[in-house]
Each structure stands twice: as C-alpha cells, then as structure tokens.
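Visitor: Please take me through this model one feature at a time, giving the general idea before the case in hand.

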There are 2 protein chains.
Amino acid sequence: MSSTAQSLFSTRSAGFKPSAIREILKVTETPEIISFAGGLPAPELFPVEALAAAAADVLAEDGPAALQYGPSEGYRPLREWIARHVAATTGLSVRPEEILITAGSQQGLDLVAKILLDPGDIVLTENPAYLGALQAFRAYEADVVGLSADSEGMDPAELRHFLLNCPRRPKLLYLVPNFQNPTGTSTSLRRRAELAEVAAEFSLPILEDDPYGSLRYAGAAVPALASRPGAADCLYLGTVSKILAPGLRVAWIAARNRAFYDRLLVAKQSCDLHTSSLTQRIVERYVAAPGRLGAHIASLCSVYRARRDTMLAALARTLPAGSRWTQPDGGLFLWARLPGGWDTAALLPRAIAAQVAFVPGAPFWVGTDERATLRLNFSNSTPEQIVTGVARLGQALSAR
Amino acid sequence: MSSTAQSLFSTRSAGFKPSAIREILKVTETPEIISFAGGLPAPELFPVEALAAAAADVLAEDGPAALQYGPSEGYRPLREWIARHVAATTGLSVRPEEILITAGSQQGLDLVAKILLDPGDIVLTENPAYLGALQAFRAYEADVVGLSADSEGMDPAELRHFLLNCPRRPKLLYLVPNFQNPTGTSTSLRRRAELAEVAAEFSLPILEDDPYGSLRYAGAAVPALASRPGAADCLYLGTVSKILAPGLRVAWIAARNRAFYDRLLVAKQSCDLHTSSLTQRIVERYVAAPGRLGAHIASLCSVYRARRDTMLAALARTLPAGSRWTQPDGGLFLWARLPGGWDTAALLPRAIAAQVAFVPGAPFWVGTDERATLRLNFSNSTPEQIVTGVARLGQALSAR
C-alpha cells in the first residue's frame with residue numbers, strides 16, 4: 001500500500017500543469033514524424049460521404065431545429081437510439097430518460113467530477129490510468145489514488161483492503177474495463193463482478209468509461225460492469241468518437257441513479273447549455289440507417305486488427321530482450337515495458353530525432369514513477385508506417 | 001448597501017436549484033402558447049441553405065480534419081476571423097493567439113468561473129443579471145452580489161463604495177454592457193470608462209459578456225469595455241449564437257492576459273478537449289464569404305427592430321397605468337415593471353391559461369425580491385404574434 005499512500009500526498013499540485021495530451025497532439029502535427037503517440041482514430045476511415053449526406057438531409061429536412069437551442073438532456077431520438085445501442089452492445093438495460101448527451105466523453109468525466117468531487121476527495125483508478133481522466137479529477141483538486149491492475153484488470157482484494165483501511169471514504173472508483181487506455185488490457189468478467197460487489201459493499205459510486213468497447217479484434221464481448229446486479233449507482237460513459245468521428249463531439253452518460261442524473265443535468269446546463277443540435281442530429285441520422293454503423297465498426301475492426309498484428313510482430317522483432325508488452329484484444333493502444341534501467345522520457349527525444357513518436361509511460365502512473373514504460377497507438381498509422389516507425393524506434397533504442 | 005449585504009447570505013444555497021432557463025425552454029415547446037419567455041433567435045431567419053452549403057463544402061474539401069480531434073484553442077482560421085471581427089465591431093484589438101473557442105458563451109462563463117472562483121468568493125454583477133451567469137458562478141459556490149444598474153448601466157460610485165468597504169476582496173466583475181439580459185439596457189460610454197477605471201484601481205478582473213452587441217436597432221456602436229486602456233485583464237465573450245445559429249455551439253473568449261488565457265485553455269481541455277471541429281469549420285466557411293455575415297446581421301436587425309417596435313407599441317396600449325418598461329436599442333429583450341402590488345410569478349399561470357408566456361423577474365434579481373418585474377423576448381415572435389400575445393397578456397392582467 002505504500003504506493004497509494006504516496007499518491008495521497010503527491011498529486012494535488014499537478015492540478016493545472018500543462019497537459020501531456022496537448023503536447024502529444026502537437027507532436028502528431030509534424031508530417032515527417034510517424035506518431036504512435038496520439039489516441040486518434042484513422043481519419044482515412046471516417047465515413048465522410050455518409051456523414052455529409054446525413055448533414056445535408058438534416059439541414060434540408062430539419063434545418064431550423066438543427067440550428068436552434070435544444071434541451072440540455074440532448075436530442076430525444078438520439079437518446080432513444082443510444083439506449084438501444086448500449087443495451088445491445090453492453091448488456092446495460094437503460095431507458096432514454098437515463099441518457100444525457102455530452103460533448104465527448106471528456107465532458108462526461110468533467111461533469112461527474114463536478115457533481116461528486118470536492119477538494120481533497122479521493123478518487124480510485126487503475127494504475128496506470130487515462131490522462132484525461134486524471135486531469136479532469138485533479139481540476140477539482142481531488143486526490144487520485146492508483147490501485148494495482150494486471151492482465152485481468154484492477155485487483156478487487158487491493159480495492160477492498162484500501163477501502164477498509166483508508167481514513168477518508170473515497171468518492172469515486174474510475175474504471176476503463178475494455179481495452180484500457182493506456183495499457184490495452186481488459187477487466188475479466190470475474191473481476192467485474194468482484195469489483196462491483198466491493199463497490200456496492202462500500203457504497204462507492206463507479207464511473208465506467210467505455211470508449212473502445214465496440215472495437216474488439218479477438219474474444220467475445222464482456223457485459224458492462226454497470227449491467228451487474230447491484231451496480232445501479234454505476235455511471236457509464238459511451239461515445240461515437242472512436243466508432244464514428246471524434247470531431248462531432250457527441251458522447252453520453254448513462255445514469256440509472258436519478259439523483260445523479262438530475263445533478264449531472266444541472267451541471268451540463270451550467271457548463272454549456274447543451275451539445276450541438278446539429279452534430280447530435282447528424283449522428284442520429286447516420287445511425288438510423290439499419291446496419292450501417294455495425295458494418296462500419298466491422299470494417300474499422302478489420303483494419304485496426306491488422307495494424308495491431310503488424311505492431312505486435314514488429315515489436316517482437318525490435319524491442320530489446322527482456323521487454324514485455326500487452327496483447328490487446330481491441331482498442332487503440334498497447335503498452336510496453338523496457339528492461340532494466342530504460343527511461344522512456346529520455347528515449348523520446350532520440351525517437352523524435354529518428355522521426356517516430358510515442359508517449360512515455362510516466363504521466364499515466366499515479367503516485368509511482370515507472371520510467372521504463374511507454375504507450376503505443378496502432379490505429380492511426382498504416383501497416384507500412386507501423387513497420388517503418390517501429391524500426392525507427394529500434395534505431396533510437398540502439399543509439400543509447 | 002443593505003441589498004448587497006443581504007445577497008451575501010442568501011445566494012449560496014441556490015447553487016443546484018433546477019434552472020429557470022430550462023423551465024422556460026419547456027414552456028416554449030407548447031405550440032399554442034405565444035412565448036415571450038425564451039431567449040431564442042428567430043429560427044425562420046437562420047441562413048439554413050448557406051450553412052448547408054458551408055457544411056457540404058467543408059466535408060467535401062476538408063472532411064477528415066473536420067471529423068477528427070482538433071486543438072483545444074480552436075480552429076486556427078476561425079480564430080483569425082474572430083480576431084478581425086472583434087476588432088472591427090468592438091474596437092478591442094486582439095490577436096488570434098488570444099482567442100479561445102468555446103462551446104457557446106455559457107461555456108465561457110463556466111471556464112472563467114472555474115479558473116477564478118473558489119467557494120465563498122464574491123462575484124459582482126448588475127442587478128438584475130443573466131440567469132445563466134448566475135448559475136455558472138453559483139455552481140462554483142461563489143457569493144453573487146448584485147449592484148444597482150440604471151438606464152446607463154452599473155453605478156460606478158456604488159461599485160467603488162462596495163470595493164472600499166467589502167471585507168473580502170471580490171474576484172470578478174461580470175457585465176453585459178450591450179442590450180443586457182434581462183433589461184435590454186446598455187452601459188454608456190462614460191460608465192464603461194468609469195467602471196474600467198474602478199476595476200483597474202482595485203485589480204478586479206472584468207468579464208464582459210457581449211452576445212447581442214451586433215444586434216443594434218438604434219444609435220451608434222459603443223466600444224467594448226475590454227478595449228479601454230488599462231482593461232488588459234478584461235475577459236471578453238462573443239458568440240455566433242444570436243447572429244448566426246445557437247445550435248452550432250460556437251463562441252469565444254478573448255483574453256489578452258496570458259496567464260488567464262493559459263489557465264482557460266487547460267480548463268477547456270479538461271472540460272471537453274475542444275469544440276466540434278465540424279461546427280467550427282462550418283462557421284468559418286460561412287463567414288469567409290465577404291459581406292455575407294454583415295448582410296445577414298443587417299437583415300436580422302431589420303426584422304428584430306420591427307418586432308421590438310411592435311412590442312413597444314402594444315405594451316403602451318396594454319400595460320396598466322403606472323407600468324414602466326425599457327426601450328432597448330438592440331438585443332432580444334425588454335424589461336417591464338408593473339405598478340403597485342403586482343406579483344409576476346403569480347401572474348404567470350394566468351398568462352399561460354391565456355396562452356402567452358413571459359419570465360417573471362424575480363429569479364434575475366440577486367439578493368432582492370422585485371416581484372413586479374418581468375422579461376419579454378421580442379425576437380422569436382412575428383409582429384402578429386406579438387400583437388396577439390400582448391393582448392393575451394392584457395387579458396391575464398385584467399383577470400385579477
């Protein structure tokens with residue numbers, strides 16, 4: 001428990017530091033660099049023509065409403081589709097009245113933090129954890145505590161031990177059960193059940209963030225943690241960012257706890273009144289065509305699976321002996337650990353000199369300093385770029 | 001000063017009350033009711049075809065970028081246009097690097113509150129003040145204090161007196177100098193200068209909210225308060241919501257103080273990463289056509305001026321003797337005060353029974369309870385509807 005105790009005293013000052021995500025996005029703007037750094041979906045796969053047709057239809061048939069103010073809850077037909085989509089893909093039975101449309105999942109993180117967190121409150125996360133979530137929680141001066149996670153997800157025994165022994169009652173448990181960012185690993189069915197049980201025992205609300213769940217390249221879908229009996233206080237975040245297009249900024253919170261929903265709604269209204277009436281309708285129009293989104297996701301999975309496989313094979317040829325890396329069944333990322341005394345933050349400038357970029361692992365860790373880790377994105381590079389980029393990474397590694 | 005002292009102890013509990021704006025929007029959804037309640041621009045005037053063409057062009061020529069993640073600062077060509085537009089229309093000389101794109105002005109209010117306000121901090125506003133701003137400030141548990149305003153705007157002498165005598169130093173001065181919501185009145189040039197001077201003397205940051213400035217039906221434009229010498233700490237909010245379409249959710253903060261800008265940028269990123277890449281590009285494409293936005297605004301002004309005039313004439317025929325109301329030179333609203341013991345909250349159910357809606361004035365007041373006031377919107381009803389609606393209001397008034 002020493003690492004978690006350490007984090008209690010080390011994270012609050014990080015509240016307004018310049019964001020690592022922003023710096024990542026800037027590196028990816030340089031065209032000569034092959035970037036495994038960002039978390040971007042492949043833009044060449046966006047269904048541009050279908051979305052253009054959807055936009056044209058929406059503006060031709062419903063233009064004034066698409067350009068006017070709308071309800072803070074979101075566009076009702078889209079909320080109805082989301083309720084069906086969530087039930088079909090995650091097993092979470094949810095009504096349209098329990099769906100709140102947000103401007104991307106990042107806003108979902110912010111709204112949940114806004115209603116649940118006061119300065120000094122404890123949030124529990126997997127360690128390592130998603131940077132955007134850490135930033136959202138720390139913006140409210142929460143103390144983030146990272147708990148150990150392995151190839152099956154967060155350790156329920158450690159969670160229980162922490163909750164039994166923590167002098168202050170934590171306010172939130174944040175989990176990314178499918179193809180986690182940054183590691184790419186998933187929480188097993190058994191662990192989901194155990195984590196939900198422990199959280200229920202301690203009346204600890206769960207925030208389940210699921211941006212990647214539909215991007216599965218191997219294995220069978222695992223029901224959402226929020227769908228477990230007793231998980232009625234679980235807030236579930238979904239988004240079209242990774243399965244359709246992030247530039248639309250359309251995502252959702254499913255909240256079956258009415259008190260949470262009502263507070264989230266007031267917070268949403270206070271933050272930006274409502275999400276764009278136009279982009280909500282474009283999404284609704286796109287997904288209304290039967291089978292279209294499913295076929296698009298299948299095509300994304302086919303491309304991303306090949307990119308993942310290419311990266312895994314290239315890493316096996318390239319990384320130094322003693323390296324380990326994850327074998328994700330889906331999502332956008334894998335996570336590697338170099339042997340011995342490697343420091344990936346020190347490696348990065350050499351990698352950029354060799355025209356390849358990645359994200360050093362250190363910022364993802366909470367209260368620890370695992371400097372030999374790094375995150376690699378495989379969705380936004382072609383197989384040829386992946387082969388070349390990993391070879392360049394090999395050059396940077398050899399240049400030590 | 002008794003009213004401001006009272007407000008210090010009466011406003012914090014209101015932080016999460018259901019929003020009056022939301023209830024207003026719900027009333028306007030009933031088609032039989034002529035609504036003067038909302039703050040909606042006229043949807044029949046939206047340039048639907050031009051925006052549809054802009055959307056089609058953007059997606060045809062720049063589709064992948066319009067659908068991808070983008071920088072938190074906003075789309076660079078749009079920031080360049082905004083800098084020129086702000087300088088041309090308000091006299092505020094601002095560089096593109098000083099523009100942060102937001103998801104509507106409401107997000108600007110939220111971001112400024114997020115970086116400047118802690119629980120118990122004092123925010124000074126005109127009294128009455130915009131409900132969405134009050135909600136944003138109170139969400140951060142600020143104490144809002146309303147200072148007297150007349151037909152020339154906030155009283156600088158009262159501001160100075162408050163700052164000299166307040167035991168806690170206020171953190172923010174919030175002003176809507178052009179066609180204020182809810183009163184429709186504007187702050188005179190002399191008052192702008194005096195308010196800026198007092199704020200500078202006490203190092204009090206100003207938040208200047210200007211959603212309506214371009215909708216002027218009489219008189220000459222007055223330079224923005226932010227353009228005054230010594231007002232470098234003034235944060236200026238602008239938006240396309242009232243001059244183009246609110247459903248796009250595209251607005252901006254101009255912040256010449258770099259420390260403020262940097263903190264706003266981090267807060268924006270934490271709140272929703274960035275505003276929709278698509279809607280930003282649609283706006284940029286629309287305004288890039290020389291003269292187009294100006295012609296559209298001129299056409300809006302022509303229609304809204306006639307609606308304002310119709311409402312003013314109808315009120316003169318209808319309201320009981322002893323009533324007073326403002327004569328706005330622009331914007332969307334006017335503000336009326338009934339004589340004697342009228343309570344507009346009690347009048348509203350009778351008005352709705354007569355199929356007309358307005359907003360009772362009480363929620364706009366901070367720390368006082370002026371129950372005889374009401375806000376009337378004239379932009380979202382035709383002249384015929386205005387004549388009929390004010391006649392119905394007369395019936396409701398006679399039914400007492």
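Guide: Let us begin with contact, which means that heavy atoms lie within 4.5 Å. Before applying it, note that this is a predicted model, in which local features need pLDDT of at least 70 and side-chain atom pairs count only at pLDDT 80 or more, while totals for chains, interfaces and linings use all residues. Residues are numbered from 1 along each chain as its sequence is written, chains are lettered from A and ligands numbered from 1 in the order in which they are written, and side-chain values use heavy atoms, with hydrogens and water left out.

Visitor: Which residues does Ala396(B) touch, leaving aside those up to four places away in sequence?

Guide: With that exclusion, Ala396(B) touches Leu347(B), Arg350(B) and Ala351(B). The C-alpha atoms of Ala396(B) and Ala351(B) are 5.1 Å apart in space, although 45 residues separate the two in sequence. Ala396(B) belongs to helix α13 (residues 383–398) of chain B; helices (H or I, at least four residues) and strands (E, at least two) are DSSP runs numbered from the N terminus.

Visitor: Is Ala396(B) buried or exposed?

Guide: Relative accessible area settles this, computed with a 1.4 Å probe on protein chains only: under 20% is buried, over 50% exposed, and anything in between partly exposed. Ala396(B) counts as buried because its relative accessibility is 2%. Leu173(B), in strand β6 (residues 172–175) of chain B, is also buried, at 0%, and its contacts beyond four places in sequence include Leu124(B), Met154(B) and Leu207(B).

Visitor: How should I check the length of a helix such as α8 of chain A, and what does it pack against?

Guide: An α-helix has 3.6 residues a turn, so residues three or four places apart point the same way. Among the buried residues of α8(A) are Arg192(A), Leu195(A) and Ala199(A), and the buried residues pack against elements of chain A including β4 (143–150) and α7 (156–165).

Visitor: What is the area buried between chain A and chain B?

Guide: Buried area is the accessible area (1.4 Å probe) that two parts lose on being put together, summed over both. Between chain A and chain B it is about 4700 Å², with carbon and sulfur atoms giving 62%, and each chain's share of the contact is 57 residues from chain A and 57 residues from chain B.

Visitor: How many salt bridges cross that interface?

Guide: The rule asks for a side-chain nitrogen of Lys or Arg within 4 Å of a carboxyl oxygen of Asp or Glu, and it finds two across the interface. In a salt bridge between Asp110(B) and Lys114(A), the closest N and O atoms are 2.7 Å apart. On the side of chain A that touches chain B, α3(A) gives the most, with nine residues.
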